[in-house]
Amino acid sequence: MTDHFKYQVVGETQDDAAGEAFDKVARLLGLGYPGGPIISQKAHEHEIKSNFKKYILPRPMLHSKNFDFSFSGLKTAVLYTVKNYRKANNLNENDKLPEDFVRELAYEFQEAATDVLTHKTIQAAIKHNPKNIFLAGGVSANSNLREKLGQAIEKNIPQINYRLQPITYSTDNAAMIAVAASYRWEEMNSSQKEELLNTWKTLQTSAQLNL
């Protein structure tokens with residue numbers, strides 16, 4: 001990004017977004033919604049209580065030759081790990097999962113997701129050599145990602161500034177969309193603004209809209 005509305009997309013999700021994956025995994029573990037904060041909490045509890053690691057989850061597209069992400073396979077790996085655990089321990093679909101199992105799987109999922117995000121970001125930065133790396137979005141509230149990315153930048157590309165979005169603003173994406181809309185509004189001339197104030201009345205929604 002060189003300025004507002006002047007940017008190049010170098011990598012994006014191929015399926016589930018990171019935040020969506022956190023939400024889905026939290027649901028699989030019976031942790032409720034939103035998934036990000038509770039996954040982070042359970043992962044932290046595992047770090048405090050145990051160094052034992054029984055479950056290892058995949059790091060999808062970690063070594064692919066692009067900067068894209070994919071989290072659907074990681075989510076599916078959690079799904080089958082939970083199903084296999086229930087079967088091995090004679091637990092029904094609605095039976096509550098043991099706390100130690102939930103904590104460890106939350107920890108391993110968070111490690112897998114943040115490993116991929118960190119690695120891809122570092123590789124993209126090495127290729128494109130930006131002045132700054134700015135961590136934003138809802139998942140930027142994850143303390144593991146904030147710390148892991150910071151350490152990776154310091155180790156591999158210390159010449160690049162690492163800028164963190166305050167956790168206060170790492171909220172629902174609607175707030176970020178509203179800010180982007182505000183900047184776009186300021187760029188418009190009077191006739192464009194007048195037109196925009198009326199076109200919403202006939203707007204046709206489309207799930208396949210190219211943004």
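Biologist: How many salt bridges does a search of the whole structure find?

Modeller: First, this is a predicted model, where local features need pLDDT of at least 70, side-chain atom pairs count only at pLDDT 80 or more, and totals for chains, interfaces and linings use all residues. Residues are numbered from 1 along each chain as its sequence is written, and side-chain values use heavy atoms, leaving out hydrogens and water. A salt bridge here is a side-chain nitrogen of Lys or Arg within 4 Å of a carboxyl oxygen of Asp or Glu. Searching everything on that basis, the count is ten.

Biologist: Is aspartate 16 buried or exposed?

Modeller: Aspartate 16 pairs with lysine 24, closest N and O atoms 3.3 Å apart, and lysine 75 bridges to aspartate 16 too, at 3.4 Å. Its relative accessible area is 8%. Buried means under 20%, exposed over 50%, partly exposed in between (1.4 Å probe, protein chains only), so aspartate 16 is buried.

Biologist: How are α3 and α4 oriented to each other, roughly parallel or roughly antiparallel?

Modeller: The axes (lines fitted to C-alpha atoms, for helices over the stretch in contact, with angles from 0 to 180 degrees between N-to-C directions) come within 11 Å and cross at roughly 160°. Angles under 35 degrees count as roughly parallel, over 145 as roughly antiparallel, 65 to 115 as roughly perpendicular and the rest as oblique. So α3 and α4 are roughly antiparallel.

Notes:
Helix = DSSP H or I, 4+ residues; strand = E, 2+ residues; numbered from the N terminus.
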